Amino acid sequence: MTGTSPRKIVTPVITAWTALSAFGAGRDAFAAGVAGRRTAVTAIDRAMWGTPDERAGLVPGFETRGVLGKKGTRGMNRVSGLAVATVRSLREEVAADAATGLVLGTTTGSAQTMMETIRTALQAALPYHTDPATTPYGVMNGAAGQCAIWQGLKGPNATIAAGRPTGLSAMSYARRLLLTGRARTVLFGAAEEYSRARSWLEFHAGDAGPLGEGCAIFALTDGSAGDVPVLAEIAATEFGVCVDGDWKAAVARVTRRALAAAGPAAADVWAACASGAAGSAGTAESAALDAEVDAEVTLPALPGLLGETHAVSAAFQLAAVLALAGRTPAAARRAAVLTSVDPASGTVAAAILRLGGTQ
């Protein structure tokens with residue numbers, strides 16, 4: 001139409017990241033742990049946690065009020081504490097304004113808070129005799145809301161729950177916010193807590209392997225600022241569902257779609273990173289990724305290093321790729337392929353990154 005200005009071309013790029021994990025606090029601790037392939041799953045105090053687990057991948061020394069202080073943290077659960085602390089850490093190095101958006105992935109929020117609230121309502125003299133300080137944390141988007149409140153983020157605020165691929169779903173959602181002009185900067189990632197409730201749920205579900213926890217947060221911008229480092233460009237994200245139990249075929253289909261969508265950006269693959277899910281689904285995923293992608297580097301399966309981190313597992317995969325790319329000059333301007341599967345829901349995901357220069 002005459003007189004209309006052309007739509008601005010937006011290129012979503014990741015410019016910064018940080019993590020809280022069993023490796024420790026911050027990007028450097030995470031990068032060192034992945035590079036050294038160090039197992040951070042350790043023995044835990046079963047009496048203190050009240051869980052059936054003997055080992056877990058806990059964030060070392062993390063206690064919400066000890067990290068964030070006493071003001072505003074009464075009733076704050078562990079997953080919210082992990083998320084708020086990680087977002088605060090990233091905000092210290094990201095030039096973001098009040099319009100910055102936030103997309104946070106989770107499993108259910110906090111199973112521990114939900115169960116405690118329900119138990120109190122059933123046992124109290126009246127069902128509404130619950131602690132009002134815990135109420136905001138009993139909903140799935142409680143952690144995302146607290147992150148926005150603590151950091152004054154007034155842009156779009158969303159909570160994503162998509163099983164183990166949640167981190168890739170959050171990245172895709174953040175990308176769409178930029179492409180549609182809803183924000184110029186979006187912080188995205190995922191968080192998962194270790195708790196008595198989660199431990200017993202997984203114990204009765206019969207899932208294998210020790211549990212882990214943590215949070216990883218990334219800054220995604222529209223690429224308009226030329227003075228910030230570009231760690232990676234999101235070339236493609238694709239999702240699917242395994243409906244017939246053939247996980248290898250499902251992962252292969254989604255990976256091919258992602259590679260095709262990425263086009264020339266996926267021509268030279270430096271690294272491949274599978275989710276390392278337990279059981280036959282994870283085995284099939286790794287086999288499909290090996291068959292579809294000729295990668296120079298295969299990243300370690302993170303559950304073997306950090307424990308099963310569920311909602312934050314794909315976000316930790318992304319952090320691992322960026323961590324190793326930042327230490328490897330040969331990775332610059334090449335591609336990385338990430339896949340994730342969730343046996344519980346049947347979800348399959350793949351993402352292609354075009355990596356920037358060394359960090």
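Arg37 is not a glycine, yet has a positive phi of about 50°. Its place is the loop between α1 (27–35) and β3; helices (H or I, at least four residues) and strands (E, at least two) are DSSP runs, numbered from the N terminus.

For the record, the model is predicted: local features need pLDDT of at least 70, side-chain atom pairs count only at pLDDT 80 or more, and totals for chains, interfaces and linings use all residues. Residues are numbered from 1 along each chain as its sequence is written, and side-chain values use heavy atoms, with hydrogens and water left out.

**Arg333**

I then went to Arg333, which is not a glycine and has a positive phi of about 65°. Arg333 sits in the loop between α12 (313–326) and β13 (335–342). I noted Arg333 as exposed, at 67% relative accessibility.

**Strand β14 and its partners**

I checked burial along β14 (residues 347–355): 8 of the 9 residues are buried, so the strand is largely enclosed by the rest of the structure. Next I took its pairings (two strands pair if DSSP finds at least two bridges between them). β10 (residues 232–241) pairs with β14 in the antiparallel sense over 9 bridges, and Ala232 has Leu355 of β14 as its bridge partner. β13 also runs antiparallel to β14, joined by 8 bridges, with Asp342 opposite Thr347 in β14. β13 and β14 form a hairpin with 4 residues between them. In that turn I found Gly346 with a positive phi of about 85°.

**Strands β5 and β6**

I followed the side chains of β6 (residues 157–160), which alternate. β5 (residues 101–105) runs parallel to β6, with 4 bridges joining them. I read Asn157 of β6 as the bridge partner of Leu102.

**The sheet β3-β4-β8**

I traced an open sheet of 3 strands, in the order β3-β4-β8, with mixed pairing. β3 (42–43) and β8 are the edge strands, each pairing on one side only. β4 (residues 55–57) pairs with β8 in the parallel sense over 2 bridges. Ala56 stands opposite Leu211 in β8.

**Helix α8**

I listed the buried residues of α8 (residues 196–205): Ala197, Arg198, Ser199 and Glu202. They pack against α5 (111–123), β7 (185–192) and β8 (211–212) (contact means heavy atoms within 4.5 Å). Just after α8, Gly206 has a positive phi of about 80°.

**Helices α9 and α10**

Last, I looked at how α9 (residues 247–262) packs with α10 (residues 279–292): the angle is about 40° and the axes are 8 Å apart. Axes are lines fitted to C-alpha atoms, for helices over the stretch in contact, and angles run from 0 to 180 degrees between N-to-C directions. That angle makes α9 oblique to α10 (under 35 degrees counts as roughly parallel, over 145 as roughly antiparallel, 65 to 115 as roughly perpendicular, the rest as oblique). From α9, residues including Trp247, Val251 and Leu259 make the contact, and from α10, residues including Ala281, Ala284 and Glu292.

Note on methods
Buried < 20%, exposed > 50% of the residue type's maximum accessible area, 1.4 Å probe, protein only.
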